[in-house]
Amino acid sequence: MSVGRAPGKLILCGEHAVVYGHPAIAIAVGLFTEVEVTPCRRVEAEGDDRLREALSALAPQGGRFSIRSELPMGAGMGSSASLAVAAVRALGSALTLEEELEQAMRAERVFHGSPSGLDAAVIARGGALRFQRGAPPAMTPLPPPSWTGVVLDTGVPGDTRAMVAQVARGAHGPLLAEIGSIADAIGDHLDNIGLLGPLLTHNHALLRALGVSTPHLDHLVGEALALGATGAKLCGAGGGGVALALHPDPAALRDALRARGHRAMLVRPPQERQ
Ligand code: MEV
């Protein structure tokens, strides 16, 4: 039996815009997926056909996969990319980062069609990352922020493939470019929640204008701001999933949100690559 492990992620800026070649900033977060694989002639895993198809793309020789994840599924925290990277790590030995990423993308394409590669890249590399799609993508590692964030979970899974297709149907060029234009400011202020917060809130407003937020996500963002968050935004493809809020006292914000009946948890970017 061999085991692989990989973290989750949160996108601080640039979801959707990154699909169109604009820069994005994402961080790895310390919630993990662990995959165990034992030899088997076919691919066996508990889950749906798409999961088995994705695992078959990684292990055409077969394997019995057992998956444990601390990440909410389909919530914008990189559950599929985390699973893909963890499975590649369980299957492979001594792969370079590029090889790991290249293999994880095979599974990501089964899950999402034509993903930008941002999720798998930040999850495989860890830390914080500025990412711009291309052949090859431009990736600049950034120091991981030291804050603890508050993740608010709508409890409603979002469908990345459907949300990306929805954005593609609109004429959103200027909005996507505006999202891309704040990525570098976000990258410059990663560790300063006073400056970072308002940029995140601005990004949320742009994502809302793009049509990927929901009344529930807007409500959670509004509640966090009313409780003193320096900023908040939906993270990931939207249509459900999670929002991130920053606050000088994250545990107090989490407790206040829970007292109002919301699902809230603390998340920290791991300081070491995992
Ligand atoms: C999903 O986590 C991020 C999106 O930008 C899709 C992608 O990058 O492929 C919505």
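This is a predicted model: local features need pLDDT of at least 70, side-chain atom pairs count only at pLDDT 80 or more; totals for chains, interfaces and linings use all residues.
Residues are numbered from 1 along each chain as its sequence is written, and side-chain values use heavy atoms, with hydrogens and water left out.

The chain is divided into domain 1 (2-142) and domain 2 (149-267), with bounds that come from an automatic or database domain assignment. The contact (heavy atoms within 4.5 Å) takes 32 residues from domain 1 and 35 residues from domain 2. Taken over C-alpha atoms, the domain centres are 22 Å apart.

Between them the domains bury about 2,400 Å², 68% of it on carbon and sulfur atoms; buried area is the accessible area (1.4 Å probe) that two parts lose on being put together, summed over both. On the domain 1 side, L12, E15 and H16 lose the most area to domain 2, together 26% of what that side buries. Two salt bridges cross this interface, a salt bridge being a side-chain nitrogen of Lys or Arg within 4 Å of a carboxyl oxygen of Asp or Glu. E15 also meets K233 in a salt bridge, at 2.9 Å from N to O.

Six of the eight residues of α4 are buried, where buried means under 20% relative accessible area, exposed over 50% and partly exposed in between (1.4 Å probe, protein chains only). The buried residues are L118, A120, A121, V122, I123 and A124, and they pack against elements including β1 (2-13), β2 (24-38) and α3 (97-112). Just after α4, G126 takes a positive phi of about 75 degrees.

D119 forms a salt bridge with K9, the closest N and O atoms being 3.3 Å apart. This pair links helix α4 to strand β1 across 110 residues. K9 counts as buried, at 2% relative accessibility.

In the whole structure, 14 salt bridges are found. E34 pairs with R68 at 2.7 Å between the closest N and O atoms. E34 lies in strand β2 and R68 in strand β4 (residues 63-69), so the pair ties together parts 34 residues apart in sequence. E34 is partly exposed at 25%, and R68 is partly exposed at 43%. Both belong to a network of salt bridges that links R5, E34, E36 and R68.

Terms used
Helices (H or I, at least four residues) and strands (E, at least two) are DSSP runs, numbered from the N terminus.
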